[in-house]
Amino acid sequence: MTKIVQIITSLVLACGSLFAHGEEIPLRPSHPDRHVVVKGDTLWDISAKFLKNPWQWPQIWQLNREHIKNPHWIYPGDVIVLDTSSGKPVLKLMRESITLEPGVIVSPIKAEAIPAIQPNVILAFLNKPMLVTAEELNAAPRIVAAQEERQILSPGTHIYVKNMPETPRQFWAIYREGDPVKDPETNERLGLEAHYLGEAKLLRNGETATLNITQAKEEIAVRDKLAEMTDDLSQTYIPHAPEKLIRGQIARISDGIVETGSGRVVVLNRGENDGLENGHVLAILRKGASMTDPESDPKHPQTLELPDEPLGLLMVFKTFPRLSYALVMQVSQPVHVEDVVQTP
């Protein structure tokens with residue numbers, strides 16, 4: 001078995017209508033000509049090596065909308081090559097192959113594909129309830145009792161739960177109603193934070209189901225609620241800008257703190273109903289202040305609206321109808337609740 005020459009393959013066909021024709025794609029001044037993918041790389045990190053604007057990753061790969069939803073994977077050991085021969089930057093994938101006999105080419109088995117962002121940062125927000133609506137809260141299964149009438153519930157304790165579905169999942173998250181999430185613009189209540197407490201495993205279903213507590217992050221009590229644990233880890237996130245102008249604000253910062261920085265999760269007051277989808281990159285801006293024009297007539301003062309100041313970028317990774325979770329990717333100063341987010 002001999003190794004044949006490396007073959008260069010473009011990931012996809014020409015760019016679809018998703019992106020504006022002729023849009024400039026600025027490269028970093030010190031960009032490399034190629035990059036060997038290693039374990040621990042992310043799509044965001046790699047795009048930032050080549051591009052000033054990492055959200056333009058799909059354009060330089062020439063991805064259309066369908067490929068954004070289901071892209072070709074990139075694996076450790078692949079070589080990413082920057083091709084500028086056409087006058088426009090294009091990234092291509094150089095992948096080693098082996099041959100078993102003349103005319104038959106087989107790609108070697110690869111390791112796990114690299115993610116868009118480090119999944120451990122957002123894992124808790126993907127498979128545990130963190131935001132719930134009032135309707136979901138009212139309908140949620142609830143703990144009505146525990147074995148031996150215990151009040152403080154710990155791992156190994158059997159709990160008894162009402163309102164379980166007829167065909168429930170095996171694993172459940174336990175949570176308690178948290179603070180409301182309000183729209184900074186209207187003060188309207190958009191949802192509730194679900195305060196994660198622990199996990200339980202279904203033993204027997206019925207009108208009153210029996211579960212066993214398997215994990216307890218905090219004290220669990222009768223009347224706490226349950227939510228099905230979902231597996232969104234297979235979700236693909238390709239950083240890209242929205243097709244239309246979307247403008248909103250940061251409604252809440254995870255853990256209820258007032259400011260945050262890179263690598264932290266925030267809640268936006270925009271969601272699926274507004275056109276947001278997983279992978280959308282938005283710019284973060286500090287809303288410009290209003291001031292009186294010092295040159296205006298004191299008797300008839302004129303108000304000046306100062307421009308918004310850019311702070312950084314965030315990427316949406318989980319959407320709800322009216323809210324979204326987003327990860328702060330890079331910022332020049334701390335991000336606050338009520339900071340503006342919009343299409344970059």
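A quick word on ground rules: residues are numbered from 1 along each chain as its sequence is written, and side-chain values use heavy atoms, with hydrogens and water left out. Since this is a predicted model, local features need pLDDT of at least 70 and side-chain atom pairs count only at pLDDT 80 or more, while totals for chains, interfaces and linings use all residues.

Let's start with the rings. Rings of Phe, Tyr and Trp (its six-membered ring) pair if their centres lie within 6.5 Å; planes under 30 degrees apart are stacked, over 60 edge-to-face, and the rest tilted. That rule gives two aromatic pairs. Why is the pair of Phe317 and Tyr325 stacked? Because the ring centres are 5.9 Å apart and the planes sit at 5°. Phe320 and Tyr325 also have their centres 5.9 Å apart, but their planes are at 70°, so that pair is edge-to-face. Together, ring pairs link Phe317, Phe320 and Tyr325 into a cluster.

Are Phe317 and Tyr325 buried or exposed? Buried means under 20% relative accessible area, exposed over 50%, and partly exposed in between, using a 1.4 Å probe and protein chains only. Phe317 comes out at 1%, so it is buried, and Tyr325 is buried too, at 2%.

Now the cores. A nonpolar core is a set of buried Ala, Val, Leu, Ile, Met, Phe, Trp, Tyr and Cys residues joined through side-chain atoms within 4.5 Å. The largest has 47 residues, and Phe317 and Tyr325 are among those with the most contacts inside it, as are Trp57 and Trp61. Helix 1 (residues 43-50) gives the largest share of this core, four residues. A second, separate core has 16 residues, including Val161 and Ile213.

Finally, the strands. Helices (H or I, at least four residues) and strands (E, at least two) are DSSP runs, numbered from the N terminus, and two strands pair if DSSP finds at least two bridges between them. Strand 13 (residues 208-216) runs antiparallel to strand 10 (residues 158-162), with five bridges. Strand 12 (residues 189-204) is also antiparallel to strand 13, through six bridges, and these two form a hairpin with three residues between them. Look for Asn212 in strand 13: it is the bridge partner of His158 and also of Lys201.
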